[in-house]
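I opened a new page for this structure.

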Amino acid sequence: MTDHITASDIKWLDDPAVIGVNRVDAHSDHLMYADEDEYLNGNSSLICSLAGKWKFIYSECASKRPVDFYKWDIKDSSAAARFDEITVPGHIEMAGYDKLNYVNVMYPWDGHYFRRPLDKEGRAHLTGTFAEADYNPVGSYIREFDLEPGMAGKDLRLRFEGVEQAYYVWLNGTFIGYSEDSFTAHEFMITDVIKEKGNVLAVEVHKRSTAAFLEGQD
């Protein structure tokens with residue numbers, strides 16, 4: 001893991017050299033259990049699942065997203081009123097947002113607007129390609145949660161099993177990290193930021209980034 005970066009940058013969407021910020025290095029994905037009984041029962045007390053209902057705002061592009069939503073007090077009625085509710089995990093397209101696409105031989109923007117990939121020397125000419133696009137949907141997710149009993153005081157990691165396609169993460173108002181690569185699990189260290197009660201996790205997901213030149217688009 002590289003030196004810890006404390007602030008996010010929307011320009012990472014356009015930089016092919018940035019695929020992750022503050023991520024834990026890749027490692028074995030074996031599950032961990034507190035004791036043999038937990039292993040035999042397949043129920044680990046070392047995991048706190050955040051699946052379920054999240055507050056959600058859909059934006060057509062980065063310039064229209066609520067930039068500081070991770071700072072909002074979601075218990076305040078005026079802030080809460082700005083959110084819809086969505087089930088995680090899930091696809092926003094299946095929840096009535098954005099539009100479905102399936103292409104396996106071309107990029108979804110081909111014939112609609114021009115995007116320049118890397119040249120043969122690997123140089124990028126991508127300034128603003130995704131961060132300033134008129135269409136590059138953004139999902140702003142936020143939820144409050146408490147730690148499971150017995151997890152306080154341990155070294156904790158926040159794990160995402162898959163996010164399509166680039167995302168920024170904040171916990172309790174602190175920038176945690178950034179990642180690309182839709183369907184690979186990524187982790188971030190959160191020990192110094194998390195609390196026993198009343199944690200607020202915010203995730204800003206951008207549909208496309210420079211990683212889109214490498215990923216299947218269905």
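How many residues of strand β9 (residues 199-206) are buried? I looked this up in what is a predicted model. I found that eight of the eight residues of β9 are buried, and I noted the strand as mostly covered.

I then checked the two sides of the strand. In a regular strand the side chains alternate between the two faces of the sheet. On one side of β9 I listed N199, L201, V203 and V205, and on the other V200, A202, E204 and H206. Residues on both sides are buried, so both faces of β9 are covered, given that buried means under 20% relative accessible area.

Next I looked for the partners of β9. Strand β4 (residues 138-145) runs antiparallel to β9, and eight bridges join the two. For one position I wrote down that F145 stands opposite N199 of β9. Strand β6 (residues 166-171) also pairs with β9 in the antiparallel sense, over six bridges. There I noted L171, whose bridge partner in β9 is L201.

I turned to the salt bridges and found eight in the structure. I followed up some of them.

One of these links K64 and E60, whose side chains meet at 3.2 Å, N to O. K64 is exposed, with a relative accessible area of 55%, while E60 is partly exposed at 38%.

Another brought me back to strand β4. E144 forms a salt bridge with K75, and their closest N and O atoms are 3.6 Å apart. E144 lies in β4 and K75 in the loop between β2 (52-59) and α2 (77-80), so this pair ties together parts that are 69 residues apart in sequence. For accessibility I noted E144 as partly exposed, with a relative accessible area of 30%, and K75 as exposed, at 66%.

My last entry is on R157 and E187. Their side chains meet in a salt bridge of 3.1 Å, N to O. Which parts does this pair tie together? R157 belongs to strand β5 (residues 157-160) and E187 to strand β8 (residues 186-189), so the pair ties together parts that are 30 residues apart in sequence. R157 counts as partly exposed, at 44% relative accessibility, whereas E187 counts as buried, at 10%. I also noted that R157, R159, E161 and E187 are joined into one network by salt bridges that share partners.

Note on methods. Residues numbered from 1 in each chain as written. Predicted model: local features only at pLDDT ≥ 70, side-chain atom pairs only at ≥ 80, totals over all residues. Heavy atoms only, no water. Buried < 20%, exposed > 50% of the residue type's maximum accessible area, 1.4 Å probe, protein only. Helix = DSSP H or I, 4+ residues; strand = E, 2+ residues; numbered from the N terminus. Pairing = 2+ DSSP bridges. Salt bridge = Lys/Arg side-chain N within 4 Å of Asp/Glu carboxyl O.
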